[in-house]
Amino acid sequence: MADKPKPRTGGTPVGRRAMLGMLGAGAAGLAAAPYLQKGWENFLAAASEVDATGLTGLLPNPGGFRYYSVVGSVPHKGETNYALTLGGLVDRPRTYTLDQLRAMPRTRVVHDVVCTDGWRVEKTPFDGVRLADLLDDAGVRSKGAAIRFTCFDGAYSESLTLEQARRSDVLVALTMQDKPITHAHGGPVRLYVAPMYFYKSAKWLSGISVTDKVVPGYWEERGYAVDGWLDGADRQGDAA
C-alpha cells in the first residue's frame, strides 16, 4: 500500500510569486520612504506657517523636527532682502548680507537638538559663523554684558549672557544637516546654541544687540528658564 501523504504543518506555504511580490513591495516602500518623509515635512512646514495655535507642532514627524511659529505667518527672506544687524553697546555697528556672512570663516558643530516638548534629533550638524567672531568684528563696549536677539517674524526674541555668547559652540548658523537652512527651519539664518534647549536657538534671526543686562526672551517671559541648559551640558564651556 502506498504511504499516505503526511499532513502539512505551519499553515499554507507562501508561493514564490507571492513572496517575490511582498519583497518587491517592501523594497518599493524603502525606496519611497525618503520621498514620503520629505512630503510630510513639506506639509507640516506649510501648515505651520498659517497655524497661529501651534497645534501643527504636535503632529508626529518621523524626521524628528517639529514646526512651530509664535505668529500666524512669517515673511520669506533670501538673497536680495536678508540683512542681519548688529548694534547696541558696540563700537562699530554692522549690517551683514547673506553673501558677507557666507564669506566669513565658518565653524561646524555637531550636537543633539533637544526640545522642551520631549523630542530629540541626534548628532545634527550646523555650520555657520561663530557669534563671538561677529561680536569681535563690532567691538563690544565695556558695559556690554548680554546679547538680545530679534527675529524677522516680528515677535520672537532670545537672550544670552556675553560669556555664553562667546562659546565656540554658539553659531549664527547658515546650514543645518549640511544643507542651507530652509524657511521652515528658521532660515536663511538662525541662531544655534548647542548646549541649550532648542528654544534658545532663535529662528529667522535678524537682529543682534549688545545690552548691559539680560533681557528675557519670548518664552522666558512666559515661564521658561532664562538659562536653558541641557542636562549634563558643560556650563563653563570654552569661550572663544
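What percentage of the 240 residues in the protein do buried residues make up? In this predicted model, the buried share comes to 44% of the 240 residues. The accessible surface of the protein amounts to about 13200 Å², and carbon and sulfur atoms account for 55% of that surface.

The secondary structure consists of four helices and 10 strands. Read from the N terminus, the elements follow the order α-β-β-α-β-β-α-β-β-α-β-β-β-β. Contacts were also considered by separation along the chain. Of those between residues at least 6 apart in sequence, 64% join residues that are at least 24 apart.

Strand 9 spans residues 190–193. In a regular strand, side chains alternate between the two faces of the sheet. Both faces of strand 9 are covered. Strand 9 pairs with strand 7, which comprises residues 170–176. The two strands run in the antiparallel sense and are joined over four bridges. Arg190 of strand 9 is the bridge partner of Ala173.

Helix 3 covers residues 131–138. Its buried residues are Leu131, Ala132, Leu134, Leu135 and Ala138. Viewed down the axis of helix 3, these buried residues fall within an arc of 160°, so they line one face of the helix. Gly139 follows helix 3 and has a positive phi, near 80°.

The model contains 13 salt bridges. One of them joins the side chains of Asp137 and Arg94, with an N to O distance of 3.4 Å. Asp137 belongs to helix 3 and Arg94 to strand 2 (residues 94–96), so this pair ties together parts that are 43 residues apart in sequence. Asp137 is partly exposed, at a relative accessible area of 26%. Arg94 is also partly exposed, with a value of 29%.

A salt bridge between Lys200 and Glu158 has an N to O distance of 2.8 Å. Lys200 is located in the loop between strand 9 and strand 10 (205–211), whereas Glu158 is in strand 6 (residues 157–161); the pair therefore ties together parts that are 42 residues apart in sequence. Lys200 is buried, with a relative accessible area of 0%. Glu158 is likewise buried, and its relative accessible area is 0%.

Arg120 and Asp112 form a further salt bridge, in which the closest N and O atoms are 2.9 Å apart. Arg120 counts as partly exposed at 47% relative accessibility. For Asp112 the relative accessible area is 21%. Residues are classed as buried under 20%, so Asp112 falls in the partly exposed class. Salt bridges also link Glu79, Asp99 and Arg102 in a network.

Taken by residue class, the pairs described above can be set side by side.

Technical notes:
Residues numbered from 1 in each chain as written. Predicted model: local features only at pLDDT ≥ 70, side-chain atom pairs only at ≥ 80, totals over all residues. Heavy atoms only, no water. Buried < 20%, exposed > 50% of the residue type's maximum accessible area, 1.4 Å probe, protein only. Pairing = 2+ DSSP bridges. Salt bridge = Lys/Arg side-chain N within 4 Å of Asp/Glu carboxyl O. Arc of directions from axis to C-beta. Contact = heavy atoms within 4.5 Å. Areas by Shrake-Rupley, 256 points an atom, 1.4 Å probe, with all protein chains shown as cover.
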